[in-house]
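Reader: Hey, could you walk me through this one? I'm new to it.

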Amino acid sequence: MTDAKTEPLLSVRDLVVEFPTRRGVLRALDRVSFDIMPGEVLGMVGESGAGKSITGASIIGLIEPPGRIASGEIRLKGERIDTLGPEAMRRVRGRRIGMVFQDPLTSLNPLYTVAQQLTETIRTHIDISKGEARKRAIALLDRVGIPAAARRIDDYPHHFSGGMRQRVVIALALCAEPELVIADEPTTALDVSVQSQIIEVLKDICAERGAAVMLITHDMGVIAETADRVAVLYAGRMAEIGPVRDVITEALHPYTAGLMGSIPTLTQETDRLVQIPGAMPRLHAIPQGCAFNPRCERAFAPCRETRPDLISREGGRDVACWLYDPARTGELRDA
Amino acid sequence: MPDPLVKIEGLTRRFDVSKPWLNRVIERDDKQFLTANADVSFEIAKGETFALVGESGSGKSTIAKMVVGLLPPSAGTIRFDGQRIDASLGIPRSLRRRFQMIFQDPFASLNPRWRVGEIISEPIRTFGLMNATDARAEAARLLEVVGLSASDVTKYPHEFSGGQRQRIAIARALSSKPEFIVCDEPTSALDVSVQAQILNLMRDLQDEFGLTYLLISHDLSVVRHMATRIGVLYLGRLVEVAQGKRLFAEPQHPYTRMLLDAVPDLALSGRRRRPVEGEIPNPISPPSGCAFHPRCPLAFDRCRTEIPQPRPTPAGQAACHALDDMVPA
C-alpha cells in the first residue's frame, strides 16, 4: 500500500493552522505532514483538541475564519489545493473529496427529501439527466443498505433513524465518486451495534470504488479493525505514523504506547490500566521541546529543549521522538 | 446471595409521552406510554461493582435515577440495606447520606459559581456531619485523596480540565462517607488516557473505603475491566446477568452475543465481525413477546408471543426461550 513508487493521492506537508485569539496566536496544527495513498484507509487518532478534525477541515478548505492555514501545502494528486479560490475549492469538495461528519442530522438538509439532496449533488458534479441521477441515487442508497431504497428515497431525513441517516450521508459523500473520503467521527453518535454496520458499509463501498479514506476518530478499536495505516496526533503535532498493526502492537512513541495501554480491551487480563499522568496541554501552553515531555516517563535532556522531527524507521514507520534519533542514542544510554 | 446491599425487584418505570389533551381529543388518540424499564430485578452485594450495559434507550440511566431516589418507580421495589428507596415516599436523611451519584458530564454536574471547596463540602453541610472548619479541612483532604492538590479548594470548576472535574465530582460523592455510589457513564465524556486515570482511581477508592458501585456504561471494555457482575439491558428489560469475565467468555443471550460481536477491539484478532441486523425498535411500541425477536437469529414462534422469564445459566441468568430448548431440563 505504501509503495514508494506510487504517487500519493493526498500529500500534506508541514501544515500549520493558526487561530488568532486575545491570548495570542494559537497553533492548532504545527508542521503536520502525511500522505494518503490511492485506495488506502488512513486512521487519524488523538484525544480531544489534538487537531484531528482541524486536519480534515483544512484539507477540504473549511477552516472557520479567523482560523487560517499559515504555511505548508496540501496536494491532491500533485496539484495544490490549499491555494485554490472558494469557487475552485467548491468543485474539489464533493467531486474529488467526499465528506462524512459525526452528526448525520446536521449534514442533511431537513427541508429537502433525500432524493432532492442526492440528485442535486450528483447533477452539480456530473453532467447527467434528472432521471439518470435519480436512478444512480437509488442504486447508491440500495448499496449503503437502505431497505426499499426506491420508496424511501422520497422521504425526508427525519423519517430515518440515526444509523439510516448516516447511511444516507455516506451515499451523499460518495455520489460524485470522489477519490478521497474524509470521515470525521462517523460513528461517534451511534450505538455499538449500529456503529459496526456503518463502519462495514463505509469500508466496503470505498474499497469497491477505489476511494481512499481518511478516518478521523478517537476510538482505537474502530481504527484497529478498519485502517491500513494510523497517524497519531498530539497537541497539534504528528507523534507517530505507521501500519496499524505495528503501531498498536509495538508503539514507538511513548505517548502512543501509553494511549494503547490505557484502553481496556475485551480479551486481555489487566488489573490496572496504564496511566499517563496529567492531560494534554492547552494550545496556549504547549511546553518547549517535545509537547509530550512533561508527561513522558522516558524524557531526557533534548526532549525539554528541541522539538523532535519525524524520524523514518524501517517498515514505513515514522516517529517524532528523540529516543529514536540515531545521533542521540548514545546520549540516551549515558542518561 | 447472603444479604445484598441493594435489592431490586420487579422495577418498572413508565413515562407518559402522550400528546396534549386537546390534540388527543381532536385526533382521537389514546394516551401513549414509554416503558423505560420493565420488570427489572437484580441484587448488588456489598463491595462489588455491578455494571449495567445497554445501548441508548435501553433504560440504564432511568434505573440509576430510581436507585438514588431521583425518580419514583411505577412499580416494583428498591431496597437499600433492607430499607425501601422510593422518591415518591420520601427518603430519610440518615439513609440518603449512605448513597451518592457520579454523573456523566463533569461540565454540567458542578456549579460554576461555587468554589471547589464549597462543592465538595456541600454534602457534609447538608447532612450536618461536621462544623464549617472541619468541613473545609475535609474538602482539602478529599481533594488529595482523589489526586488533586489541597490548595485547589479556592479555585472554580472552570479552572480544571474534564478529568480533574470528574475527580472533584468523585470527591464530592465521597464527602458524606457513602457506602454505595451510582456511577452513570463516569468516563464517557473523557478521553481514553484520562478515562484510565479515573477508572484506576475508582478502583483504588473502592479498595480503600470498601465502596459498592453500580456502574452504568455503554462501553463494554470499560465494563469488563471494572465489573464483578454485569447486567445487560435491552429495551428496558434485563436480558442477561452474569459474572463479569464469564459474560464475555460465554455469553448466553443472543443479544449479548450480538453486542460482543459488534464491539471493535484493539486485539486485532482479524475476526470478521458478524454483521449485526437491524436497530433498536421504538420503545413506545416494543415488539410483542421477547423485544429482541425481530433481530434475533434464533427466534421462533414462542418468542413472538411470550415474554421470556429469566432462567439460571452457568454464570448467572438469562431471559431467552431458545436457552430452554438448548439445555435439556
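**Helix against sheet**

Author: In chain B, helix 2 (residues 60–67) lies across strand 1, strand 2 and strand 4, and runs at about 115° to strand 1 of chain B. Helices (H or I, at least four residues) and strands (E, at least two) are DSSP runs, numbered from the N terminus. Axes are lines fitted to C-alpha atoms, for helices over the stretch in contact, with angles from 0 to 180 degrees between N-to-C directions.

Reader: Is this from experiment or predicted?

Author: This is a predicted model: local features need pLDDT of at least 70, side-chain atom pairs count only at pLDDT 80 or more, and totals for chains, interfaces and linings use all residues. Residues are numbered from 1 along each chain as its sequence is written, with chains lettered from A and ligands numbered from 1 in the order in which they are written.

Reader: What order do the strands in that open sheet of chain B take?

Author: The order is 2-1-4-5, with antiparallel pairing; two strands pair if DSSP finds at least two bridges between them. Strand 1 (residues 6–16) and strand 4 (residues 75–80) of chain B are joined by 5 bridges, and Thr12(B) stands opposite Ala75(B) in strand 4.

Reader: Why do strand 2 and strand 5 of chain B each have one side without a neighbour in the sheet?

Author: Strand 2 (33–44) and strand 5 (83–84) of chain B stand at the edges, so each has a single partner strand.

Reader: Switching topic: how many residues does the contact take from each of chain A and chain B?

Author: It takes 35 residues from chain A and 32 residues from chain B, contact meaning C-beta atoms, placed from the backbone, within 7 Å. Helix 7 of chain B gives the most to the chain B side, with 8 residues.

Definitions and conventions:
Two residues are in contact if their C-beta atoms, placed from the backbone, lie within 7 Å.
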